[in-house]
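Subject: Handover of the two-chain model

Hello,

Please find the structure below. My notes on it follow.

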Number of protein chains: 2
Amino acid sequence: MKITAILDDIVPIRSDIRNAVIDFSQMTISIVAVVTDVIKDGKPVIGLGFNSNGRYAQQGILRERIIPRLLAASPDSLLDEAGTLDPFKAWAVMMTNEKPGGHGERSVAVGTVDMALWDAVAKIEEKPLSQLLAERYRGGEPDSSVFVYAAGGYYYPGKDLDGLQAEIQGYLNLGYSTVKIKIGGASLDEDLRRIDAALQMLDGGQSLAVDANGRFDLETALQYARALEPYQLKWYEEPGDPLDFQLSAALAANTSLPLATGENIFSAIDALNLLRYAGLRPPVDYIQIDPVLSYGLVEYLRVLDHLTRHGWGWRRCIPHGGHLFALHIAAGLGMGGNEAYPRVFAPFGSMGDTVQVENSVVQPPSLPGIGFEGCSEIMAHFDAMLGSL
Amino acid sequence: MKITAILDDIVPIRSDIRNAVIDFSQMTISIVAVVTDVIKDGKPVIGLGFNSNGRYAQQGILRERIIPRLLAASPDSLLDEAGTLDPFKAWAVMMTNEKPGGHGERSVAVGTVDMALWDAVAKIEEKPLSQLLAERYRGGEPDSSVFVYAAGGYYYPGKDLDGLQAEIQGYLNLGYSTVKIKIGGASLDEDLRRIDAALQMLDGGQSLAVDANGRFDLETALQYARALEPYQLKWYEEPGDPLDFQLSAALAANTSLPLATGENIFSAIDALNLLRYAGLRPPVDYIQIDPVLSYGLVEYLRVLDHLTRHGWGWRRCIPHGGHLFALHIAAGLGMGGNEAYPRVFAPFGSMGDTVQVENSVVQPPSLPGIGFEGCSEIMAHFDAMLGSL
């Protein structure tokens, strides 16, 4: 078998949302299709990928470096012994002539194509990706259901506490019982009012997480931690710069709050430094590395290996990104759950047109591959791109 | 004053050179010109920049994110109190809506424009950049001469020890007395033969550094260290992954060899982690962070601040990249020297058509700005791009 074409396009995200650090209205997504010569149901198998949510399209790096290397590789160099696409070999080809260090952007470009390759591999095997992953890496069955939480609570321009409560009610109506809101974009007092307003919406079985998006210095992070401790929050996410491991260690040593971080850790070696230096506590804290932003599932398996060696169970992983790819990874590898974006990053937060969330749990889709074919609004973008084929 | 246009282009580098990790034949450079409405000698002042050597062009990120933000900014938001371009304000504009973490590629794109902005600022003040930097940040005069060393000794296909010696003789003929060769692309035995061959060319006042380009695991790094210690090398560069701080610390604790690293550290927070965790020794080791690859001089000043706070003198800094921008920074801020690429990365390693190296020392050019106007082969690329203006 061989890859016959790789297409990519840029899709704008239009949103009036901001968090403590950025405004999403200019955000873009790269979409990629890896076309193979394997025929199923009379049509070539096409793997589909996009670059997760929250960073930018990577057309320059895709078109100048990553895609040309794959297309220039001899087809055999991309295949495993059984003669099917091997994402690990493809990964090595994509990273040819790339220096160590500097893990950002490139990691997103590679991760985007990696997603499409895994989609193609699972489609060729006619299995949901979660099933394929469970068989390959757990020797068993995927989890039949996955914890998901609703990431929201952004600072909409002009939004007040009533608006926040209405937003949260919307998530509860959709079946979420764990909700995350942003902090750090306002004063501590105002953030505490927002937390109070959010908690008013939740009963004892429901929970709230908060996310500072890396905004705080140590003093502020500690000040927030002291103020947040009485609230029994699910977690306190990215208090400081995601690479300030010393800040993290000082905070972890001084709070009982569960910490969560990793969405801005983009490689296995950066993840290893996080585990070595950030003082995170395996029984308490959460690792949120996004398998697309950080060079794809091939690299994510290296991250999981580091976690195991450092005493972390994979259930402590709840990936960033709110995408269907990570939902399969969570179900297939037995992780702790997955982020979901019920409102923002539309349509790339879709888990499927007919998916039902109940008590913050979903079943991964049963379509072959990742199952974007069950997400009509995502497929509209892929179909528009593939129309040029 | 205002920016009236920003142009960019991609220039291929054609080279048959490889080091332990990569093949440079596919390498590219982004060049950027920031056109202002300030008139000098009847022509608009134009700041010129390129993205250093050894990584890739960044046209996607430049055109989709960095340049549009600068062009969309109100002109006043880019000016200091005196009404001239402020690279710090421009930096904040370029980084609008960029998340923390993921420092690579983007850092190169921002650094490229930062170089052009500093060139423009110094041209507007009609001073060499080194002079401007010395006045602003040292309250004095720039160094009149700067240590430079010849980075080479790559593994050319089919090259033998005679070839390596001929290459080194070429550097000595050009006036270099410190030379760096690659290791790690062959067995230890072969690398030791290469080192012996190189040292045969040098007298007692001349010195040799070696560079493994991040290839080794700890065991190999220690094995090489033990073998290299008898040689009195100038330094042992990037033994392991540039982000594997634990490897670095273990090595530093077990060798008397000076270590050198930093060319693949791309942000101030990554630099801070290097200083915190890598076990480097301020009196012994060298920091080689490239001020272009790592978000430009604006961010590099933050790196220097971290160095100062951690007990490092700036003379321990010898930046990567072999470009004229870093030569000005070295002279202006009083650093330990600068890399030079007499043969590779042509023409972007040029320090000027008439520059003379003597005993591994050069004088920074006296033209206003960075002085690319004195590098005819570099200017040919900028002129070709500016012809479209």
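Through which surface do the copies meet, the same or a different one? They meet through the same surface, because 100% of the interface residues of chain A are also interface residues in chain B.

Before the rest, a word on conventions. This is a predicted model, in which local features need pLDDT of at least 70 and side-chain atom pairs count only at pLDDT 80 or more, while totals for chains, interfaces and linings use all residues. Residues are numbered from 1 along each chain as its sequence is written, and chains are lettered from A and ligands numbered from 1 in the order in which they are written.

The two chains

In the interface, 37 residues of chain A are in contact with 37 residues of chain B (contact: C-beta atoms, placed from the backbone, within 7 Å). On the chain A side, helix 1 (59–72), helix 8 (245–252) and helix 9 (268–277) are the elements that give two or more residues (helices are DSSP runs of H or I with at least four residues, strands are runs of E with at least two, and both are numbered from the N terminus). That side divides into 13 nonpolar, 13 polar and eleven charged residues. Here Ala, Val, Leu, Ile, Met, Phe, Trp, Tyr, Cys and Pro count as nonpolar, Asp, Glu, Lys and Arg as charged, and the others, Gly among them, as polar.

Chain A is superposed on chain B by a rotation of 180° with 0.0 Å of shift along its axis, at an RMSD of 0.0 Å (least squares on the C-alpha atoms of residues with pLDDT of at least 70 in both copies). The two copies are thus related as by a two-fold rotation axis.

The two domains of chain A

Domain 1 covers 3–126 + 378–386 and domain 2 covers 136–375 (bounds from an automatic or database domain assignment). Their C-alpha centres lie 24 Å apart. Between them, 35 residues of domain 1 are in contact with 40 residues of domain 2. On the domain 1 side, the elements that give two or more residues are strand 3 (43–50), helix 2 (87–94), helix 3 (106–124) and helix 12 (376–386). Helix 3 of chain A has the largest share, eleven residues.

Three strands of chain A form an open antiparallel sheet in the order 1-2-3 (strands pair if DSSP finds at least two bridges between them). Strand 2 (residues 28–40) is joined to strand 3 by seven bridges, and Val35(A) stands opposite Ile46(A) in strand 3. Helix 3 of chain A packs on this sheet, touching strand 2 and strand 3, and its direction makes about 145° with that of strand 3 (axes are lines fitted to C-alpha atoms, for helices over the stretch in contact, and angles run from 0 to 180 degrees between N-to-C directions).

What does helix 3 of chain A cross at roughly 100°? The answer is helix 10 (residues 296–309) of chain A, and the axes come within 6 Å. The two helices are therefore roughly perpendicular (65 to 115 degrees). Residues in this contact include Trp118(A) of helix 3 and Leu297(A) of helix 10.

Backbone details

A cis peptide bond, with omega about 0°, joins Ala346(A) and Pro347(A). Pro347(A) sits in the loop between strand 10 (338–340) and strand 11 (361–362) of chain A. In chain B, the peptide bond from Ala346(B) to Pro347(B) is cis, with omega near 0°. Glu105(A) is not a glycine, yet has a positive phi of about 65°; Glu105(A) lies in the loop between helix 2 and helix 3 of chain A.

Regards

Terms used. Two residues are in contact if their C-beta atoms, placed from the backbone, lie within 7 Å. Angles under 35 degrees count as roughly parallel, over 145 as roughly antiparallel, 65 to 115 as roughly perpendicular and the rest as oblique.
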